[in-house]
Each structure stands twice: as C-alpha cells, then as structure tokens.
Amino acid sequence: MTITKPALAIIAAFGCVVPAMAAGQALPRFSQIEYQVGRDPLIAQNGAIAAWHSTPSAEVAFAQSMIDAAVPAGTPISDAIALLREAGANCGETIGDAQVCRYHDVSTRDEYVDDVRWDVRMQSSDGTVRSTTVQREWSRH
C-alpha cells in the first residue's frame with residue numbers, strides 16, 4: 001500500500017502515528033557484499049604481501065550501485081548512518097563535509113589471511129546526503 005503526501009498530511013493532522021518510510025532500497029549486510037567480490041589477485045611471489053591495495057572501482061561498482069539505491073541524494077544523514085550501521089558498518093568519523101562509515105573483515109584464502117576494509121563516504125549539506133563514494137582496500141598476510 002502506498003501512502004501519498006496528501007494522505008500523510010491528513011493522517012498527521014489527526015495525530016495518527018505513521019511508520020517511518022525507507023528512503024531507498026534495503027541494503028544487504030557488508031559481509032554479503034564482500035562475499036560478492038571476486039578473489040583478490042595477489043600472490044606471494046610478487047612481493048606485495050602485507051601492503052594495502054585498492055580494489056578497482058569497476059569491481060566494486062555493484063556495491064556503489066546498491067548503496068546509491070539505498071541512500072539516494074536527499075536522504076537525511078541520520079537515516080543513512082542508521083542504514084549503514086544496520087548493514088554492519090561503523091560510522092562516526094567526519095572528514096570535511098563527509099560522514100565516513102567503515103566495515104572491516106578478515107577472511108582466509110589458501111594459506112593467507114585477507115584483511116579487508118570498506119570505506120563509504122557520504123558528502124552532505126543541510127543534514128542530507130548529496131553523494132556517496134565507496135572504496136575497498138585489502139591486504140594479504
């Protein structure tokens with residue numbers, strides 16, 4: 001059932017309680033998003049073990065699309081933070097006009113351990129999200 005804006009105004013005028021409506025689509029947990037990323041290409045012979053590597057943006061474009069759908073421009077920043085926290089991110093750091101939410105995971109691959117970090121930055125103004133940027137970094141140990 002869809003409730004139109006005029007109907008919301010009438011309901012509010014009579015003091016009825018209306019459940020919160022999601023700004024966008026539901027966001028899966030970051031652990032599920034991470035599972036969809038292909039295997040990172042690092043091998044022991046190339047000497048880059050324990051260094052941090054950025055995942056190419058083309059490989060995390062699906063995650064960027066999911067987050068953009070769940071947190072469209074105009075979403076109140078408090079709602080966006082709540083949604084990302086529900087998905088497993090830790091939020092709280094502010095860099096300039098961006099709210100930063102991070103997710104950290106560790107997984108085993110063969111005899112190695114992959115340390116993975118997701119970074120979601122939400123540019124905001126007037127208490128609402130203007131845009132989001134998604135990045136993923138990983139390190140093999």
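The model is predicted. Two aromatic pairs turn up in a search of the whole structure. Ring pairs join Phe30, Tyr103 and Trp118 into a cluster.

**Phe30 and Tyr103**

- The rings of Phe30 and Tyr103 form a stacked pair, with 5.4 Å centre to centre and 15 degrees between the planes.
- This pair links distant parts of the chain, since Phe30 belongs to helix H2 (residues 30-35) and Tyr103 to strand E3 (residues 98-109), 73 residues apart.
- Phe30 has a relative accessible area of 1% and is therefore buried, the cut-off being under 20%.
- Tyr103, at 12% relative accessibility, also counts as buried.

**Phe30 and Trp118**

- Phe30 and Trp118 form a tilted aromatic pair: the centres are 6.4 Å apart and the planes make an angle of 55 degrees.
- Here too the pair links distant parts of the chain, with Phe30 in helix H2 and Trp118 in strand E4, 88 residues apart.
- Both Phe30 and Trp118 are buried.

**Charge over a ring**

- Arg117 lies over the face of Trp52, 3.5 Å from the ring centre.

**Loop residue Asp126**

- Asp126 sits in the loop between strand E4 (112-125) and strand E5 (128-140).
- The phi of Asp126 is positive, about 55 degrees, although this residue is not a glycine.
- Asp126 counts as exposed because its relative accessibility is 82%, where the cut-off is over 50%.

Notes:
Residues numbered from 1 in each chain as written. Predicted model: local features only at pLDDT ≥ 70, side-chain atom pairs only at ≥ 80, totals over all residues. Heavy atoms only, no water. Helix = DSSP H or I, 4+ residues; strand = E, 2+ residues; numbered from the N terminus. Buried < 20%, exposed > 50% of the residue type's maximum accessible area, 1.4 Å probe, protein only. Phe/Tyr/Trp six-rings, centres within 6.5 Å; stacked < 30°, edge-to-face > 60°. Lys NZ or Arg CZ within 6 Å of the ring centre and 35° of its normal.
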